[in-house]
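Here are my notes on this model, point by point. Please read them with the structure open.

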Amino acid sequence: MTQTFTYQPPIIIAHRGASGYRPEHTLASYELAIDLGADYIEPDLVITKDGILIARHENEISETTDIANHPEFAHLKTTKIIDDEIKTGWFTEDLTIAEIKTLTAQERIPQLRPQNTAYNGIFTIPTFQEIIDLAKHKSQTIGRHIGIYPETKHPSYFQSVGLPLEATLLLNLQEINLPIFIQSFEVSNLKELSQKTDLPLVQLINNIGKPYDFVIENDPRTYADLLTQKGLREIAEYAQAIGVHKNLLIPRDNYGKLLSPTSLIIDAHAANLQVHAWTFRNEDFFLPLDLQGNPQKEYEIFFSLGIDGVFSDYPNIALTVKLNE
Ligand code: G3P
Ligand code: CA
């Protein structure tokens, strides 16, 4: 068993809450995640027309809310280009928080999680402040500190439409006595945040493509370039961790079977960076071919590499394996 960077057991980050059991990014999903033993809850953050941070994975919300069934918002349906992708639907930056609060959440992947569709139409869309209040309340009632692990979604885009996320994020996080990590797939907003806060920052790294701010700036570097020893040393100047696609730690072959681990965890630890990886899920659809029906084994393999944290849709499964280590 290789050691983690912190010499502590890996942290369990509830990815969009306990999103295997409840529609993602709802207070019910976060509360269940805490009850199932998650160390951190993970809200992805976008912003409303009136500047309120809310938890959604995208600013286009037709996939995870019932907005298409609200005729009063029909006139707001539109097409935009977000990070070079054409999107048609309803966008959070075109609705006020009062309007958002009339919507309800829906299961994102009903074909894989049909049991979660029973909760469609029940839960509202939470503000970041409501998530913080939940974490504070649960921390007090259960007697352990619940961490919050927010992600800034589309930071350059929101900056370009006059609704930057970062200042409001830091305002929301002021004087919270709970563990925090702030994450972004972009680089420049993390660098700016590092000048404004001592809270730990996480550079997210996908297994393809490049940060969208590099696209805007004509910076030729890709995510792969950030993972060289030089790239990791540069990240360590503004961030405390990398949050990586798990295939960057253990690639898969063309059939979906696990190959040998890369040296990324060792390299990142040598550069003073913790390593968190995403996303761990129970369904065979997501599991490696050689681990079908055995999500526990996937955690065991990644924990043995000295990983510092896992993003999981099923935090209770991650916890069970962690406690057996
Ligand atoms: O934030 C890291 C992890 O959540 C993966 O990204 O696309 O699920 O927000 P995403
Ligand atoms: Ca995320």
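1. Which atom of ligand 1 lies 3.4 Å from a polar side-chain atom of aspartate 44? An oxygen atom of ligand 1 does. Keep in mind that this is a predicted model.

2. Two further side chains deserve a look. An N or O atom in the side chain of glutamate 151 is 2.9 Å from an oxygen atom of ligand 1. For glutamine 183, a polar side-chain atom lies 2.6 Å from an oxygen atom of the ligand. The protein buries 92% of the 280 Å² that ligand 1 exposes when taken alone.

3. On the site itself: ligand 1 sits in the largest pocket. The shell around ligand 1 has five charged, four nonpolar and three polar residues. Among the residues around the ligand are His15, Arg16, Glu42, His57 and Lys153. Phe185, Leu204, Trp278 and Phe311 are also included.

4. Tryptophan 278 is joined to threonine 279 by a cis peptide bond, with omega about -10°. Threonine 279 belongs to strand β12, which covers residues 274–280. Tryptophan 278 is also one of the residues around ligand 1.

5. Next, the backbone at tyrosine 7. Its phi is positive, near 60°, and the residue is not glycine. Tyrosine 7 is located in the segment before β1 (11–15).

6. Last, the annotation. An unreviewed UniProt entry lists "domain: GP-PDE" for residues 10–322.

Definitions and conventions. Residues are numbered from 1 along each chain as its sequence is written. Chains are lettered from A and ligands numbered from 1 in the order in which they are written. This is a predicted model: local features need pLDDT of at least 70, side-chain atom pairs count only at pLDDT 80 or more; totals for chains, interfaces and linings use all residues. Side-chain values use heavy atoms; hydrogens and water are left out. UniProt positions are given in the numbering used here, feature names are shortened, and annotations may be inferred rather than shown by experiment. A residue is near a molecule or strand if one of its heavy atoms lies within 4 Å of it. A polar contact is a pair of N or O atoms within 3.5 Å; within protein, one must be able to donate a hydrogen and the other to accept it, and residues adjacent in sequence count only if both atoms are side-chain atoms. Accessible areas come from the Shrake-Rupley method with a 1.4 Å probe; for residues, only the protein chains shown count as cover. On a 1 Å grid over the protein atoms alone, a cavity is a set of points where a 1.4 Å probe fits but cannot get out, and a pocket is an open set with protein on both sides within 12 Å along at least five of seven lines; lining residues have an atom within 4 Å of a point. A molecule sits in a cavity or pocket if more than half of its atoms lie within 2 Å of its grid points. Ala, Val, Leu, Ile, Met, Phe, Trp, Tyr, Cys and Pro count as nonpolar, Asp, Glu, Lys and Arg as charged, and the others, Gly among them, as polar. Helices (H or I, at least four residues) and strands (E, at least two) are DSSP runs, numbered from the N terminus.
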